[in-house]
Structures are given as C-alpha cells and as structure tokens.
Amino acid sequence: MPRPIIPLHVPGQADPGPLRFDSPPPLALYIHVPWCVRKCPYCDFNSHGLERPAGGDARLGEVPEQAYVAALMGDLERALPQIWGRKISSIFIGGGTPSLLSGPALQALLDGVRLRLPLLPDAEITLEANPGTAEAEKFQAFREAGVNRLSLGIQSFNDAHLRALGRIHDREQALVAARLAARVFDNFNLDLMYGLPGQTLEEAQADLEQALDLGPTHLSCYQLTLEPNTAFAAAPPELPEADRCADMQDAIEARLAAAGFVHYETSAFARPGRQCRHNLNYWTFGDYLGIGAGAHGKITAFDPATGRHQVERAMRWKHPREYLEKLPGGDPVQERHPVPPAELPFEFLMNALRLNQGFDPALFPARTGLPWLTVSRDLERAAADGLVTLAPDRVAPTEQGRHFLNALLERFLP
C-alpha cells in the first residue's frame, strides 16, 4: 500500500509567519514490521529478508516477536506526551511482511496500543500480508485481534511474472490467500503491479480480471518502477515501453470504472465507501505517528519553547538491530526536524493533488496553519494553464494536471 510522500528538505525560504491551528488534524498510527521472508528485487522499503543460505539450502530466521512488541510499546510510550488526548482514527501495520507475526504477537501488539491510546469506535485497522505467509488460522487470529482490513501483496497472478519479481508465492498461493481473505475479512485490498518485465497488455488485463473475480473491496494498481538502491536498479530488467505501460494504465482505469470502482487516488481504486481511510489521511495531510524500525511520522504540536505551533517530522532508527538496541529504555527517534512553514504549501499539495477529486480549499489552512492566500495565486495561474480546476469548494487536478503532476508541483517548490 502507499506510504506517505515525504519530500526532501529544501532550505533557504523566508518564514511566512507563525502557524495558526484552530484544532489539530486527524491522527493515525503507522506500525512498521521490517522483516520479510526474502527481499524483493524491486523493493526500496525498509525491509530485511529472513531467508539465509546455509549449506546451499535456504533457511529462515525468526522474527524476534516478543522483543519487538516490547520495543514498539516503549516507542509508543515515549511518544504519548506529543499526542496526549488525541484519538486514533486508523492503524496501519505495514512492512516488510507483518503477516509473519503470530496471532498472539499481533494480539499483544494491538492490546498494548489500546491500553495506551484512545481509538475511535470505528477505527480502521489494516494489516499487510504476503500470500506466501497466508494461513487460515492466522488470518482468523488477526481478525479476532481487531484487524478489520487486510491488504494482500498479490502483484500478479502469472507465475512467470511472479518469478521475475522475486516473489515467494505462486499463482495458486495468491488465489488461496485472496479467497481466504474474502472469507475472513469483509474489507480487503489486493495490490497489483503492471509494466512488468516482458508483460503484454493482455497479460495485465488478465491479472485485473482475475483480481476482480476474487471480489476485493479495494485495488491498488502500480506501475513497476526501478528505484535507487534496489537489486533491479543494479541489474535492470527489460521493461515494457512507456506507450505500452500507458495503454495498460488506461485499460485498467477503464475496466475498473466499468466495474463500479471509484478511482480516488493516483493508484487506488475502491468500491464506493471503501476508500482506505488511513491512506486518505496521508493524502489530506493529516497527522500520523510512526512507530517501529525506520517508521516516519508527522505531528502537529505546540512548542512551549517558542510559544508557537509547528509541524514536526520524525524517523525512527532504521535498522531493526539498532532500533531494538535503543528500546525499550532509549530514544527510538533517529532524526526529527520541524518543517519550515515555507515548505508546508508544497508538502500539502504534493499529497492532496494526488486525489482525483481534489480537496476543499478550507482544508489547506486547517492542515498547514497558513492562510489560503499563500497558494491561491499560484493555483490560479495553474488553472489558467489547464492543470487544475478551481471552485469555491473544490481544487482538483485536471487530466492534464494528473499526467504532468510533477510539473504542476514544481510551481510550489520553496
């Protein structure tokens, strides 16, 4: 599933003045579980494979569940003063492969969260799972622990493409896992990728048809990209040409629209009312506390030292070994910095303009603490160039704006 977009720091901007918040933004909780059976060659997330060679055969290391859950609770307790009194609207347990956790470990984790934080009664609780680690008893245990939304990393139903992606599951395991998810959870997502090595338009369409037959409430459809510091970046596979990938994207969007899915974000499609609330909080620039190895967070808080509000970003110690060494008694945060007010317009728009339906202009001052005038003139110029539409209650990217989103956002760089 999508992660929040975290920009690089761009220094050298004038301070537009103190931030003014009538109330804090909604607050979500992200929990990172950094281990996978095996690191996929395209993955640039903070994940660490457990599979190790031993005498020519692979053997699987163990997730240090007890120590890691204890570390997460220590991490959460140290963060409580920053978010005291605020209710959690959603929890997302991502990775890595969180479904490597046992049912009792996940129960202990969510029980520990509930003891320390107030959750909204209808809080969405998502867990990411790999079809290669799907078990009926485990999925049921996750449901009983409180998970009410599952996200399965299918990527493809084509065995040749799964092998090319380095996935640990095959087509049959993907089908079994998705059918199991449909039985246990009434709200589940399937991740698909297109633009895979050697993939044809017909094969991409076949993947989508198979996914639809399984009855998910949500689909995330991403084009494979070669990210820095991955195995694919070091030894790039031959990918389909850009025009063929564009044809795949168009076909996917048209088929899902015909199937009644709402295309609400660049890569996200949902049955009406089934949009991922946790990810919507990212796109609408809500707050989120991130705990776990390498987890990122963004919190709006009052700084008593300056007498002002500020938006602060933080990142936990990235390597799980370092993270475990720091906790439960030490500081889990490796990096933290306030976001300069001059950078907030770009950060807000970089997220909000990914939403196809756009955003209410009132959301900008509510989430950044800055007046609408900060961005209104640049948005008017973007509208004149056909990149956005402006209305009293809605700012949205046009089709041209969605296709040239980076060029649109460059107008708001500090």
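This is a predicted model: local features need pLDDT of at least 70, side-chain atom pairs count only at pLDDT 80 or more; totals for chains, interfaces and linings use all residues.
**Helix ends, cores and loops**

Student: Which residues of helix α3 are buried?

Tutor: Helix α3 runs over residues 136–145, and Lys138, Phe139, Phe142 and Ala145 are its buried residues. These four lie on the same side of α3, because they cover an arc of only 120 degrees around the axis.

Student: And what is exposed on the other side of α3?

Tutor: Glu137 and Glu144 are exposed there.

Student: Which members of the largest nonpolar core touch the most other members?

Tutor: Phe139 is one of them; the others are Leu106, Leu152 and Leu219, in a core of 71 residues. Helix α1 (residues 65–83) gives the most to this core, with nine residues. There is also a second, separate core, which has 26 residues, including Phe21, Ala352, Val388 and Phe412.

Student: Ala352 sits in α11, I think. How many residues of helix α11 are buried?

Tutor: Helix α11 spans residues 344–352, and nine of its nine residues are buried. Ala352 is among them, as are the charged Glu347 and the polar Asn351.

Student: What do the buried residues of α11 pack against?

Tutor: They pack against the helices α9 (277–283), α12 (363–368), α13 (373–384) and α15 (405–410), and also against the strand β15.

Student: Changing topic to pockets: how much space lies in the second largest pocket?

Tutor: The space in that pocket is about 220 Å³.

Student: Which residues of the lining lie nearest its centre?

Tutor: Of the 17 lining residues of the second largest pocket, Arg78, Ala79, Gln82, Val333 and Arg336 lie nearest its centre.

Student: Now the backbone. Where is the cis peptide bond that has an omega of about 20 degrees?

Tutor: That bond joins Gly95 and Gly96, and Gly96 is placed in the loop between β6 (88–95) and α2. Another cis peptide bond, with omega about 10 degrees, joins Leu327 and Pro328. Pro328 lies in the loop between α10 (320–326) and β16.

Student: Is Asn229 buried or exposed?

Tutor: Asn229 has a relative accessible area of 80%, so it is exposed. Its phi is near 60 degrees, a positive value in a residue other than glycine, and its place is in the loop between β10 (218–223) and α7 (231–234).

Student: And is Phe285 buried or exposed?

Tutor: Phe285 is buried, because its relative accessible area is 2%, which is under the 20% limit. Phe285 is found in the loop between α9 and β13 (287–291), and its phi is also positive, near 65 degrees.

Student: Last one: why does Leu50 count as buried?

Tutor: Leu50 counts as buried because its relative accessibility is 6%. Leu50 lies in the loop between β3 (48–49) and β4 (51–54). Its C-alpha is 4.9 Å from that of Val37, although the two residues are 13 apart in sequence.

Notes. Residues are numbered from 1 along each chain as its sequence is written. Side-chain values use heavy atoms; hydrogens and water are left out. A nonpolar core is a set of buried Ala, Val, Leu, Ile, Met, Phe, Trp, Tyr and Cys residues joined through side-chain atoms within 4.5 Å. Buried means under 20% relative accessible area, exposed over 50%, partly exposed in between (1.4 Å probe, protein chains only). Helices (H or I, at least four residues) and strands (E, at least two) are DSSP runs, numbered from the N terminus. On a 1 Å grid over the protein atoms alone, a cavity is a set of points where a 1.4 Å probe fits but cannot get out, and a pocket is an open set with protein on both sides within 12 Å along at least five of seven lines; lining residues have an atom within 4 Å of a point. Grid points are joined across faces, edges and corners, and a volume is the space filled by probe spheres set on the points. The arc is that of the directions from the helix axis to the C-beta atoms. Contact means heavy atoms within 4.5 Å.
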